[in-house]
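Please keep the sequence and the model open while reading.

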Amino acid sequence: MATLKDFRDERLRKLEDLKKLGFNPYPADSHRTHMAGDIVSKFDELEHQTVTVAGRITGIRKFGKLAFIVVKDFSGEIQLFLQEGHVSEREVMAGRLSIADIPLLDTADFVEATGEIIKSKTGEVSIFVTDLRLLTKSLRPLPSAQEGFTNKEERMRRRYIDMGVNQDVRDRFVRRSKFWQATRDYLNQNGFIEINIPVLEHTTGGADATPFVTHMDALDQDFYLRISHELPLKRLLGAGYEKVYDIGPRFRNENYSDEHLPEHVAMEWYWAYASWQDGMKFMEGMYKSVLEQTFGTLQFKLGNFNVDMSGQWEVWDYATVIEERYGIDVYESSLDDVKKALADNKLEVEQTENRSRGIDKLWKNIRKDVTGPVWLINTPKFISPLAKSNPDDDRVVQRFQPVIAGSELGNGFSELNDPIDQLNRFVEQQSMRDAGDDEAMMLDIDFIEMLEYGMPPACGWGYSERVFWIFEGVTAREGVPFPQLRPEIDSTTREIYPDLPLH
């Protein structure tokens, strides 16, 4: 049975034959005039026109003086019909192949073809080829549609094959692009300004997360990769901007899960003079707009959940939900009470002596069964150190979180702008950090200085591409083009390149 190396050796032979004939197997130009999908869908308008198409070969059949080649571009597939006497003779300087050169082609090669748009005798839209050029000689075969490409490990490691062979995967990342474009469009249409902020920070904050550390040689100093967009964007509010946002990667040095990746794309906006109720209303509209533009519907089957995003959202109070489920008073119950509730529900938490982490774990056990959409409000202050206290109850903050299909799919606040209150909360967080909680926030004195100059009251919001993953119905790794994996070099590559220092 032929191996991958055998197929590659055969293609290398064809590559050398092409070079001996004088062809450049990797020319720098193409002259495509039409996409394959447009030709098929607009056949009645384009019939008999002469066009040039380009794409990857997915099938070749040759019968004496006739040949049929199927090529695929991003829009779809089209058949090339080649007939001896109609196809130009070999012209090396122009890169034109004759029909006699077709045996030097393989599936996965990229070609360009010029000819008249026709229908074959079987009724298939085709290009009756006069000129055929090789654009790229492939040295490794792609899996065929019949063979498939389904091994999860292989798919993750060679995503360029996965996207090329599995149309549903390719389409997913078109939708991912639409998701972020729809997010950007909605914000821009509502007067927000996109301002890109640094990824490297001396002090990182805005979330409970362990940061990545890197080193800048120019300054001979360590920096953190941002875990959040929050603090720099709020500095912009202090600078006088009233509606700002940024979309880009953030980094949290934590484990993988079906809903989390250490590197992922997120968006945060900040809106001066807006309340948290303004933010809730704004985000209900934004979710509907973004999901409609991305998926074309507001009704979703997400695992065991049937979610309808078109209606009115429910509103849940944090303390009420916890007390109804566990009999725990989130403000008065002791650490032992919380630990007992955790044990009774077979729940574990890394910092078992941390009361706030335990209560958060209890909430997450409720959350996993919530269909939604639900707004969770009145989060305790000890869970949300950067949010503004509710004037009606100093124990809670003005925070709103959407819960959909068992997940929290965003986070909004009335932003804290009291420098003394913020400093006290930072000091508390720093003491937790000094006691060994690597996810607690750092003391950011520069941010305190900005607040002392004055920042207007504001609402802030953030969500990550987890929103897309959930509504797409995929895990985090399936939801990004190139997930991070441990490096691995297969035996075939080692055999092909025995003299390279491959580790």
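The secondary structure of the chain comes to 15 helices and 21 strands, where helices (H or I, at least four residues) and strands (E, at least two) are DSSP runs numbered from the N terminus. This is a predicted model, in which local features need pLDDT of at least 70 and side-chain atom pairs count only at pLDDT 80 or more, whereas totals for chains, interfaces and linings use all residues. Residues are numbered from 1 along each chain as its sequence is written, and side-chain values use heavy atoms, with hydrogens and water left out.

**Overall make-up**

- The C-alpha trace of the chain spans about 90 × 55 × 50 Å along its principal axes.
- Of the 503 residues of the chain, 49% count as buried; buried means under 20% relative accessible area, exposed means over 50%, and partly exposed lies in between (1.4 Å probe, protein chains only).
- Among the contacts in the chain with a separation of 6 or more, 65% come from residues 24 or more positions apart, a contact being heavy atoms within 4.5 Å.

**Aromatic pairs and charges over rings**

- The structure holds 27 aromatic pairs, counted when the centres of the rings of Phe, Tyr and Trp (its six-membered ring) lie within 6.5 Å, with planes under 30 degrees apart taken as stacked, over 60 as edge-to-face and the rest as tilted.
- One aromatic cluster is formed by Phe 179, Trp 180, Tyr 287, Phe 295, Phe 300, Trp 313, Trp 375, Phe 400, Trp 461, Tyr 463, Phe 468 and Phe 471.
- The charged end of Arg 395 sits over the ring of Tyr 331 at 4.0 Å from its centre, a description that applies if NZ of Lys or CZ of Arg is within 6 Å of the ring centre and within 35 degrees of the ring normal.
- Likewise, the charged end of Arg 477 sits over the ring of Tyr 256, 4.1 Å from the centre of that ring.

**Helix packing around helix 13**

- Helix 12 (residues 419-434) packs against helix 13 (residues 445-453) at an angle of about 165 degrees, with the axes 9 Å apart; axes are lines fitted to C-alpha atoms, for helices over the stretch in contact, and angles run from 0 to 180 degrees between N-to-C directions.
- Helix 12 and helix 13 are therefore roughly antiparallel to each other, given that angles under 35 degrees count as roughly parallel, over 145 as roughly antiparallel, 65 to 115 as roughly perpendicular and the rest as oblique.
- To this contact helix 12 brings Pro 419, Gln 422, Leu 423 and Phe 426, while helix 13 brings Phe 447, Ile 448, Leu 451 and Glu 452.
- The axes of helix 7 (residues 230-238) and helix 13 come within 10 Å and cross at roughly 20 degrees, which makes helix 7 roughly parallel to helix 13.
- Here the contact is made by Leu 231, Lys 234, Arg 235 and Gly 238 of helix 7 together with Asp 446, Phe 447 and Met 450 of helix 13.

**A buried arginine**

- Arg 176 is found in helix 6 (residues 167-189) and is buried, with a relative accessible area of 15%.
- Not counting residues up to four places away in sequence, Arg 176 touches Val 265, Glu 465, Phe 468, Gly 479, Val 480 and Pro 481.

**Backbone points to check**

- A cis peptide bond, with omega about 5 degrees, joins Gly 372 and Pro 373, and Pro 373 lies in the loop between helix 11 (355-367) and strand 15 (374-377).
- Ala 108, although not a glycine, has a positive phi of about 85 degrees; Ala 108 is found in the loop between strand 3 (76-83) and strand 4 (110-119) and is buried, with a relative accessible area of 3%.
- Tyr 273, also not a glycine, has a positive phi of about 70 degrees; Tyr 273 lies in the loop between strand 11 (263-272) and helix 8 (276-295) and counts as exposed at 56% relative accessibility.
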